[in-house]
Amino acid sequence: MFTGKSSEQVVVLGGTGKQGGEVVQELLERKKFNAAIITRNPESAKAKELLSKGVQVIKVDLDKVTTDELANVFQGSYGVFSVQEMGKNEVKQGIMVADACKKANVQHLVYSSVNAAEKAPNVPHFHSKYLIEQHIKQLNLPNFTILRPTCLMDNFDDPQMQPKYSSLMFLIKPTTKLQWIACKDIGIAANKAFEEPKKYAKKTVSLAGDNLTGTELAQVFSRVLGRDLKYKKMPSIILRLYSNEMYKMADFFEKTGYDTNIPEVKKEFPQLRTMEQWLKENEWDKKPPPKKSTCSIM
C-alpha cells in the first residue's frame, strides 16, 4: 500500500463523492499515479474502502485548515483534482486550494467547474465556479486544466430525483434541451489531463455526452426501465419554495442553457456516454419498479 508522498501522487478533493470518486477510480485503474484523498471524515465507509484499495486517506477539514497547512499536505505531489461542494464556502475553498497548489509548487491543478459558468451570474453555484476559474487563471501556476461538466447523470442516483412509477419529473419544460455528463467521464477526462499535461496545459474543456429534451429524457428512461413514463416539469412555485437557487438554475436552463459542442468534444473523448448508456451500465434495467403512486402530480 502506498503511504507516503511522491512526485507521482495526485491528491483528489471530493474523493468520497461523485466526481472525485470517479477520478480516484480512474487513478487506481490506470496506475500511472498514486492516489490520495483528503476528507474531513477518514472513518467513513467510503474512505475506509478507498484505504483498503491503496489510496492514501488524509484528514483535512477545508473549513478549518489554512492555506499554508493545505500547501504542506500537497507538498511533493504532482497533481491536485479540485472540486467543491456548492455552498457559502465554495469560493473560499476553491481559491484556497489553488493558492495552496501555488505555494506547494504542484505541477498540475485540474479544476472541475461547470459549463457556461460565465453566462450565469444569477445562479450562485455557477458564478462561484466562474470566480474560482478566474483566480486560477491569474495565479501563474506551473499548469492547470479547467473541466466544465454539464448536468450530472449520476444525480439520478439520488432517491429524490429517481422516476416514480409512471412519471419522470425534472426542472425543465418538456421541449427544452439539457446537456448531460456521466461522472465516470469526468474521471476519465481528469486523468487524461494529468497524463498529457502539454496537451491540456491552461485549457478549458467542456464535457457533455448527451443533449435531451424533457420528453426525450422520459423516453430514454422508459426504454431502459421497460415501463411508460410521462415527463412532467416541476411546478415553478414548488421549485422556488424548495430552493430559490434551483429555481434560478432552472431559469438559466430555459433562457440560456449549456453550450458544449458535443460532436466536437466526442472527437477528443469518444467514450462519452449517452444517458441510455449510463443507465444500462448502472443496471437501471434491473431496478424493481416503485409502488404505484396515488398522488395526482406524480
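Q: Is Asn-105 buried, exposed or partly exposed?
A: Asn-105 counts as partly exposed, because its relative accessibility is 47%. Buried means under 20% relative accessible area and exposed over 50%, with partly exposed in between, using a 1.4 Å probe and protein chains only.

Q: Before we go on, what sort of model is this?
A: A predicted one: local features need pLDDT of at least 70, side-chain atom pairs count only at pLDDT 80 or more, and totals for chains, interfaces and linings use all residues. Residues are numbered from 1 along each chain as its sequence is written, and side-chain values use heavy atoms, with hydrogens and water left out.

Q: OK, back to Asn-105. Where does Asn-105 lie?
A: In the loop between α4 (90-104) and β5 (108-112). Helices (H or I, at least four residues) and strands (E, at least two) are DSSP runs, numbered from the N terminus.

Q: And what's its phi like?
A: Positive, about 55 degrees, although Asn-105 is not a glycine. Most residues other than glycine have a negative phi.

Q: Which loop holds Ala-116?
A: The one between β5 and α5 (124-137). Ala-116 also has a positive phi, near 60 degrees, and is a residue other than glycine.

Q: Buried or exposed, that Ala-116?
A: Buried, since its relative accessible area is 0%.

Q: Switching to the core. Which residues touch the most other members in the largest nonpolar one?
A: Phe-126, Phe-156, Phe-170, Trp-180, Phe-221, Phe-253 and Met-275, out of 37 residues in that core. The elements giving two or more residues to this core are β8 (167-170), β9 (177-181), α7 (214-225), α9 (244-255) and α11 (275-281). The largest share, six residues, comes from α7. A nonpolar core here is a set of buried Ala, Val, Leu, Ile, Met, Phe, Trp, Tyr and Cys residues joined through side-chain atoms within 4.5 Å.

Q: What does Met-275 contact, leaving aside neighbours within four places in sequence?
A: Met-153, Phe-156, Trp-180, Asp-210, Leu-212, Leu-217 and Val-220. Contact means heavy atoms within 4.5 Å.

Q: What else is there apart from that core?
A: Another core, of 29 residues, including Leu-27, Phe-33, Ile-37 and Phe-269.

Q: Now β1. Where do Gln-9 and Leu-13 sit in terms of burial?
A: Gln-9 lies in β1 (residues 9-13) and is buried, with a relative accessible area of 0%. Leu-13 is in that strand too, and counts as buried at 2% relative accessibility.

Q: What's Leu-13 in contact with, beyond four places in sequence?
A: Gly-20, Ile-38, Leu-62, Phe-74, Val-80, Phe-81, Ser-82, Val-83, Gln-84 and Val-97. Phe-74 comes up for Gln-9 as well: their C-alpha atoms are separated by 9.3 Å, with the two residues 65 apart along the chain.

Q: Zooming out, how many helices and strands in the chain?
A: 11 helices and 12 strands.

Q: What share of the residues is buried?
A: 51% of the 298.
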